[in-house]
Number of protein chains: 4
Amino acid sequence: MLERLREELWLLHLELPRNDLVKWTGGNVSGRDPETGYVVIKPSGVRYEALKPSDMVIMDLEGKLIEGALKPSSDTASHLYIYRQRPDVMGIVHTHSPYATAFAAVGKPIPVCLTAMADEFGGPIPVGGFALIGGEAIGKVVVDAIGTSCAVLLKQHGVFTIGASPTAAVKAAVMTEDVARTVWLAMQIGQVEVISADDVESLHHRYTHVYGQ
Amino acid sequence: MLERLREELWLLHLELPRNDLVKWTGGNVSGRDPETGYVVIKPSGVRYEALKPSDMVIMDLEGKLIEGALKPSSDTASHLYIYRQRPDVMGIVHTHSPYATAFAAVGKPIPVCLTAMADEFGGPIPVGGFALIGGEAIGKVVVDAIGTSCAVLLKQHGVFTIGASPTAAVKAAVMTEDVARTVWLAMQIGQVEVISADDVESLHHRYTHVYGQ
Amino acid sequence: MLERLREELWLLHLELPRNDLVKWTGGNVSGRDPETGYVVIKPSGVRYEALKPSDMVIMDLEGKLIEGALKPSSDTASHLYIYRQRPDVMGIVHTHSPYATAFAAVGKPIPVCLTAMADEFGGPIPVGGFALIGGEAIGKVVVDAIGTSCAVLLKQHGVFTIGASPTAAVKAAVMTEDVARTVWLAMQIGQVEVISADDVESLHHRYTHVYGQ
Amino acid sequence: MLERLREELWLLHLELPRNDLVKWTGGNVSGRDPETGYVVIKPSGVRYEALKPSDMVIMDLEGKLIEGALKPSSDTASHLYIYRQRPDVMGIVHTHSPYATAFAAVGKPIPVCLTAMADEFGGPIPVGGFALIGGEAIGKVVVDAIGTSCAVLLKQHGVFTIGASPTAAVKAAVMTEDVARTVWLAMQIGQVEVISADDVESLHHRYTHVYGQ
């Protein structure tokens, strides 16, 4: 079931290593099916190169297995928590992408100091507190800390991004690492400046209403 | 129409991700046709992997759509402004390449401290002021700040390069990031020194008159 | 003989350049056959692109050549020393991966400040003393310094990782560089904090008992 | 003529972009034919992707064109100078590889603080003075500054490596960037220490007499 979403998620998973966001089996992407409300997610501990659309695990929002021969990602409970709290979210990505995770390691948000950040995130990328892996704790931190952004850093851990589609969430994960890298580089050679709230608003509105096809 | 230029621009767009100058749909290349004066440019928000020669949008210098089913890049008005002000410019590239954008983020020019910079740019890479995206404002900053260089940094935004052909502009974008990276690395381990004006002139003259076939 | 292990090691060797852990002929992977106790190892000074399963050298634990037309890795005596001292180790990897080797260059362990480190290593990555290449000296440093970790840094040299299989040792080498990079990046923008022993234990236990299929 | 050497040099040129040592048309490799004494070198300003074995230019040691339809590299006079002064050198490589060029930019040698440096270079990588491109000036700096090393940095410019074969020179160029990167990374997190002369000698002797097949 949900063959198209399985295939879409498989292709999106391949973007993670291609964009240097994950290593070995780390990271995961999930998507919510608008009709059934079911969530499709990566199986736990499977390498990206070996992943097949048929490996994806389908769960309902309460964590009941709907279809799948493999054990789901160990972040599944947190993904489901986010989907339950945020009906607008249809895709979620988790990575340990290095530059963004460096900010997470020291518990610092990424200030909105580039037009690309205003465009994609509409503000800074916030950082949430430390939480253990395996249950809903990480999902709670994400929901509490993410605000109106589509990305949040998890203290000493990594990155979660959300979107109105799985593709949008993967794009947010790619852009999070891209801006984290540029801001990190900038911080070594000078003082970054926050863009004014008016300009951030103007750039974000254009990007979300005019940009693209 | 302009099939050859469409194909050339399509190939040049592929150099951007290959040289790690752009992520997802960011960045764009345009070229001016010497006969018609029309400008061929990337469509807005299309991923590089999905781009086809037939997707390119053809505009006249005043921004009238000549051919194309897709909406042109949101930087189109700025490209056209540059083409109108600078009849010598036949190709333009915009990227957010990370090392160069780090200099842009903190508003610092890249000093001419490497022979490769003297060769390609004939001086430092200047930095222009902050401008909002979507209209001609960025084009004005580019024209005002670029001087005799073929690259300019945009405050808190990214890079524009220009050339006597689209290929020359793409080469300038590749070299901008390459020298930005080396200078950034050098600044972490010591003090960079500017090359004397005479040596810069001598290197640049050789590179633009003797180097190559 | 040991065709399957030869093939496995050949494929695992290809992961080293793919993950940017080695350059040219540097680095090596070995595996111990559970039945015969023989060790299969990379030949000395052969490039990864040229390596074939049939090039692998088979030795017994005392260093007697069992099969192979090529000279074994110059780290062979150290690999064999580790296998003799640690019956639990079935795979060993050696790299000079850059971020981890940067910590090794200055003789600093990598503190356990990321959940990914708690997961994979169950603690910090320790650093052992300087030793010359060619004999068992490096093997002794590895055994003395590695403790309960699966990775150790060698002062002014590089990285050794061990595992219950060659694949596990390669995974440890990939994760060592990944966390070394993130921690290195974090150290440039703030103060990294060690995760509490209880949380490290909890994360490591989950990762080694629940994670994966 | 010299078909085999042309083919060898063409393949070696491809190693330069593959190892991220060059961008666009920068850098070059040459080789000396042991029988004729002729030098085969890259044509000027040709992109690596477009290079063919038949594009290589053959010169004699005094700079007379022996065979080739294209103009030779603008570093040809310097390559020839090195070959005339150093009969032991059979291959030369020039790059602007970023980490090594960062040391060159600030005029600092790379201290011998890693076993991989003792192995490959038998000491530090020295840095020579500034020289203009196009004539023999760079060749003179290389010969004066390189000493017993197989690599030298050129102030505010880049890297030259030499070898007993073109492959050895390319290997030296790859290893120069690899150790430059690791030493650069190490310098950001601590104080690098020079390895004792005895240990450097011992490691270099083993590497050049025992390592490999």
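This is a predicted model: local features need pLDDT of at least 70, side-chain atom pairs count only at pLDDT 80 or more; totals for chains, interfaces and linings use all residues.
Let me begin with a term: a contact here means heavy atoms within 4.5 Å. Among contacts in chain A between residues at least 6 apart in sequence, 65% join residues at least 24 apart.

Residues are numbered from 1 along each chain as its sequence is written, chains are lettered from A and ligands numbered from 1 in the order in which they are written, and side-chain values use heavy atoms, with hydrogens and water left out.

Staying with chain A, buried residues make up 61% of its 213 residues, where buried means under 20% relative accessible area, exposed over 50% and partly exposed in between, with a 1.4 Å probe and protein chains only. Along its principal axes, the C-alpha trace of chain A spans about 50 × 35 × 30 Å.

Now to the rings, which pair if the centres of Phe, Tyr or Trp (its six-membered ring) lie within 6.5 Å, and which count as stacked with planes under 30 degrees apart, edge-to-face over 60 and tilted for the rest. The structure holds 12 aromatic pairs over all chains, one of them being the stacked pair of Y207(A) and Y211(A), at 4.6 Å centre to centre and 25° between the planes. Y207(A) counts as buried because its relative accessibility is 13%. In chain B, Y207(B) is buried at 14%, whereas Y211(B), at 21%, is partly exposed.
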